[in-house]
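Good morning, colleagues. May I ask you to turn to the model on the screen and keep the sequence at hand.

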Amino acid sequence: MYVVELQFECFDNTTISAVDAAINGLMDALRYNGQVLGREFPIVMDDGIFRVRAVCPEQDGLHSQFNSENVNAHIKRLNNACLLAPKIKLLGRDINSEAAAENLTPSWQVIYTTFVHTCSPLRCGETLMPIPLYRIGPTSNGDHKAILKWQTEWQACDEIQMAGGCKAEHAALHEIRDVDSDLFRRGWDLRGRIEFLTKIPTYYYQYRVGGDSLAVELERKCPKCNGDWRLDEPLHNLFHYKCDECRIVSNLSYDFQ
């Protein structure tokens with residue numbers, strides 16, 4: 001990932017509220033298109049120039065060729081706040097984040113995230129490196145807001161169940177573990193949409209914890225088709241199960257690892 005600075009220059013008198021609305025509107029549009037990562041974008045005023053720092057998946061992630069219609073619309077609206085289109089300054093590589101996948105057409109890919117990740121939830125199946133969402137067609141309504149909203153909810157549930165300090169833990173675990181949960185169904189459907197767009201087999205990650213015993217866990221079947229799906233060797237030391245029919249991968253229960 002790379003740290004960039006967007007510089008917005010005023011060309012006439014304006015107000016802080018107008019600038020705030022215009023810049024934050026653009027940053028939200030960029031975020032929902034996968035071009036910037038995270039949810040907080042501090043705005044700094046510096047002698048008539050407003051500066052925003054953000055993290056991008058790739059060096060050219062803010063190139064106009066990747067803009068959604070919504071991003072372009074917000075760029076045009078900058079004029080209403082007397083702001084010019086932003087100048088982009090690449091500050092360098094973010095050493096604390098993952099690099100984006102180099103292979104954008106892998107043999108398979110997977111929807112996978114955890115509460116500690118801010119990168120794209122679409123991962124290369126061969127390397128598990130994140131694939132920038134703007135590299136694929138819009139998943140719904142012109143951008144990727146639906147999959148990023150799903151990611152936010154999945155991560156929230158993951159953090160709650162990892163903390164394990166309240167009754168909400170069980171409801172949160174249900175959402176990320178069980179195939180009949182709303183979050184699972186929505187994520188699995190989005191997986192199908194991405195597979196349709198990319199023509200690449202796309203899998204959905206089922207989080208697994210609990211179970212009666214290691215012996216029972218090793219014989220666990222696919223939760224959708226009840227077929228055999230345990231792998232001889234885990235993929236990426238993470239996925240112990242993979243159903244090619246239902247497009248689901250899963251881990252051996254963390255209770256027995």
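I shall speak about the nonpolar cores, then a loop and a strand, and finally the salt bridges.

A word on the source: this is a predicted model, in which local features need pLDDT of at least 70 and side-chain atom pairs count only at pLDDT 80 or more, while totals for chains, interfaces and linings use all residues. Residues are numbered from 1 along each chain as its sequence is written, and side-chain values use heavy atoms, with hydrogens and water left out.

Let me begin with the cores. A nonpolar core here is a set of buried Ala, Val, Leu, Ile, Met, Phe, Trp, Tyr and Cys residues joined through side-chain atoms within 4.5 Å. Buried means under 20% relative accessible area, exposed over 50%, and partly exposed in between, with a 1.4 Å probe and protein chains only. The largest such core has 39 residues, and the members touching the most others are Val 110, Trp 150, Trp 154 and Phe 239. Among the elements that give two or more residues to this core are strand 5 (109-111), helix 4 (168-177) and strand 9 (239-243). Helices (H or I, at least four residues) and strands (E, at least two) are DSSP runs, numbered from the N terminus. The most is given by helix 3, with five residues.

Contact means heavy atoms within 4.5 Å. Is Thr 113 buried or exposed? Thr 113, which has its place in that loop, is buried, with a relative accessible area of 1%. Its side chain makes polar contacts with the side chains of Gln 151, at 3.2 Å, and Gln 155, at 3.0 Å. A polar contact is a pair of N or O atoms within 3.5 Å; within protein, one must be able to donate a hydrogen and the other to accept it, and residues adjacent in sequence count only if both atoms are side-chain atoms. Leaving aside neighbours within four places in sequence, Thr 113 is also in contact with residues including Trp 150 and Trp 154. Val 116 has its place in the loop between strand 5 and strand 6 too, yet Val 116 is exposed, at 57% relative accessible area.

Arg 123 lies in strand 6 and counts as buried, at 2% relative accessibility. The side chain of Arg 123 makes a polar contact of 3.3 Å with the side chain of Glu 98.

Finally, the salt bridges. A salt bridge is a side-chain nitrogen of Lys or Arg within 4 Å of a carboxyl oxygen of Asp or Glu. How many salt bridges does a search of the whole structure find? The search finds 15. In one of them, Arg 51 pairs with Glu 5, the closest N and O atoms being 3.2 Å apart. This pair links distant parts of the chain, with Arg 51 in strand 3 and Glu 5 in strand 1, 46 residues apart. Glu 5 is buried, at 7% relative accessible area. Arg 51 also meets Asp 46 in a salt bridge of 3.1 Å, N to O, and Asp 46 counts as partly exposed at 36%. Glu 5, Asp 46, Arg 51 and Arg 53 are linked in a network of salt bridges.

One further pair is Arg 247 and Glu 195, with closest N and O atoms 2.9 Å apart. Arg 247 lies in the loop between strand 9 and strand 10 and Glu 195 in helix 5, so the pair ties together parts that are 52 residues apart in sequence.
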